[in-house]
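This report describes the chain architecture of the structure shown below.

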Amino acid sequence: MSDVPAALPAGPSWFAGDAERHLLDAPKHCPHCGGRLAGQAGLVVEYWVADDRVFYCWCQACDWTGTVIQVERHVGHEAAG
Amino acid sequence: MLTAEQNAELTRVGPGTPMGELLRRYWYPVAFTRQLDQFPVRRVRLLGEDWALYRTSDGGYGVVEEHCPHRRASLAYGVVEADGIRCGYHGWLFGRDGTCLDQPAEMDKTSFKDRVRARAGRAEELGGMVWVYVGPEPAPLPPRYDVYVMDGVRDFGHALLPCNWLQIMENAVDPHHVEWLHGRYFEFLGNRLGFEAPKSFQRRHIKVAFDEFEHGIIKRRLLEGHTEADDDWAIGHPLVFPYCMRVGGAGIDQMQIRVPVDDTTTWFVLYTVHAPEGARFEPQEAIPDYELPWRDEQGNHIVDYVEGQDIMAWVTQGPITDRTVEHLGKSDVGIAMLRKQFKQQLAAVAAGRDPIAVVRDPAANHRIDLPCEKNKFGAGADFALQWMNLGFTRYSPQLKDLLRLHTDAAEARAAAVGADV
């Protein structure tokens, strides 16, 4: 079974693009045990911090909770003034 | 943001749904005791199903599926008898456990009634409300949370709201909304409409935190000008899984109850006990219950009081919030945690275990004290007066008495301090 639903949210909608990216980019497997997160096996809640897309994940198989952050561009810290 | 599938899993409460199975592990208040005292049977709706709730002459309570197993007439129009409820249509009598005790139009000595049974739950009175349990046996105990059993002057405001219970529960792990909905927005309204909004609600949040515990999630906030030693951070207050929030301050203790009536209806009850330190009060002959107005004649939300603002936010999210198009931020981490807690408890039930906050030990159920700040928002005793005058209590038939209770208590405390000096 594909993890990508056949039917993505219908447009036109301001939010449709984000909802589509969520369906495509949300982690499908637990970083800890590899168990499935998609569907009813786990939970992936997406939230945003500045430019970062953060996926809050819970794995039903191993009870691991953590966040996965999709990296678009690596930026280091600024040196202290 | 969630998928449509996960949103449905978290919000559908009917029989046979995963969430419906989880929520059926808990007791729910469905009526005020006063209502059954006035008339001993009434229809109630809970988790997408209709029930007939009744009180027998010996003071016991029963609850059965609304429709009679005979010809499906409503048992909410039945005759309450000492040992159960008799259908008003043909007189079939059902005991509290659903056993069919009598079929007066059938032949004597028939075993027909032994083959018929009404689906029955359990019903009990606690703290001025009638509670029912409609889940699998063995039934847990109705949890005797502190607010339900403490001494004080009780006051029940309530409203039937056209939205799913989960979006109301998510509000309970969303501390930041206070500074905006009850702070900046309230101030904006006050400036436009000519009243003074409560300053204590306007403090800026420096940080928020959430801790899971055996009855749900404790929510903490550090407000501008406060330290981590202040009550709002050091103690906080809990979301009580799966449908309540314990809140209070300055001698007011409250359980905000959000009963999932069905997928798109929630009964919101503000179960409130006033017991400020130094107060003197007599046992109440009757507890006032009153419906909160939340829409005006034009159909617009009434937003010039605290809970009316909450109701606006909950109801305008739609009957069931579409979480596939939400955009959460870092300040919403409590919401993500709550969804995880629901998922964990869904899994526990699917595995045949009790979910959290199911109480079975009578010794642990004498009184369950929940953590709750006393010095709310650092406002001291003023918080009580602000909350009553600019919150739902303004609609209470005993508002004047409650205001006097708090002012007299404040004077008694001041006099006691003076006497000590």
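The sections that follow proceed from the whole chain to individual strand pairs.

## Overall architecture

The model is predicted. Chain B contains eleven helices and 19 strands. Its radius of gyration is 23 Å, close to the 22 Å that the globule rule gives for 421 residues, so chain B is as compact as a globular protein of that length. Taken along the principal axes, the C-alpha atoms of chain B occupy a box of roughly 80 × 55 × 50 Å.

Of the 421 residues in chain B, 43% are buried. Among contacts in chain B with a separation of 6 or more, 62% are between residues 24 or more positions apart.

## Domains and the nonpolar core

Chain B is divided into domain 1, residues 31-133, and domain 2, residues 146-420. The C-alpha centres of these two domains of chain B lie 34 Å apart. Contact between them involves nine residues of domain 1 of chain B and twelve residues of domain 2 of chain B.

The largest nonpolar core comprises 125 residues, and B:Leu46, B:Leu53 and B:Val132 have the most contacts inside it. Helix H9 of chain B, residues 333-350, provides the largest share of this core, with eight residues. Because domain 1 and domain 2 of chain B both give residues to this core, it lies between them. When residues up to four places away in sequence are not counted, B:Leu46 touches B:Tyr28, B:Val30, B:Trp51, B:Val132, B:Val134, B:Val259 and B:Val261.

## The three-stranded sheet

Three strands of chain B form an open sheet in the order E2-E3-E4, with antiparallel pairing. Strand E2 (41-46) and strand E4 (61-65) of chain B each have a single partner strand, so one side of each is left without a neighbour in the sheet. From one strand to the next, the twist averages 30°.

The antiparallel pair formed by E2(B) and strand E3 of chain B, residues 49-55, extends over six bridges. Within this pair, B:Leu46 stands opposite B:Glu49 in E3(B). B:Leu46 is also one of the residues with the most contacts inside the largest nonpolar core.

## The four-stranded sheet

A further open sheet of chain B has four strands in the order E5-E6-E7-E8, again with antiparallel pairing. Its edge strands are E5 (79-81) and E8 (100-102) of chain B, each of which pairs on one side only. Neighbouring strands of this sheet are turned by 30° against each other on average, direction ignored.

E5(B) runs antiparallel to strand E6 of chain B, residues 84-86, and three bridges join the two. B:Val80 stands opposite B:Ile85 in E6(B).

## The E12-E13 hairpin

Strand E12 of chain B, residues 205-213, pairs with strand E13 of chain B, residues 216-223, in the antiparallel sense over eight bridges. A hairpin of two residues connects E12(B) to E13(B). The bridge partner of B:Val208 in E13(B) is B:Arg221.

## Contact with chain A

At the boundary between the chains, 18 residues of chain B are in contact with 18 residues of chain A. Helix H1 (4-11), strand E19 (328-329) and H9 of chain B each supply at least two residues of the side of chain B that touches chain A. The largest share of that side, five residues, comes from H9(B).

How values were computed. Residues are numbered from 1 along each chain as its sequence is written. Chains are lettered from A and ligands numbered from 1 in the order in which they are written. This is a predicted model: local features need pLDDT of at least 70, side-chain atom pairs count only at pLDDT 80 or more; totals for chains, interfaces and linings use all residues. Two strands pair if DSSP finds at least two bridges between them. Axes are lines fitted to C-alpha atoms, for helices over the stretch in contact, and angles run from 0 to 180 degrees between N-to-C directions. The radius of gyration is taken over C-alpha atoms; the globule rule is 2.2 Å times the number of residues to the power 0.38. A residue is buried if 20 or more other C-beta atoms lie within 10 Å of its own, exposed if 12 or fewer, and partly exposed in between; C-beta atoms are placed from the backbone. Two residues are in contact if their C-beta atoms, placed from the backbone, lie within 7 Å. A nonpolar core is a set of buried Ala, Val, Leu, Ile, Met, Phe, Trp, Tyr and Cys residues joined through C-beta atoms within 7 Å. Domain bounds come from an automatic or database domain assignment.
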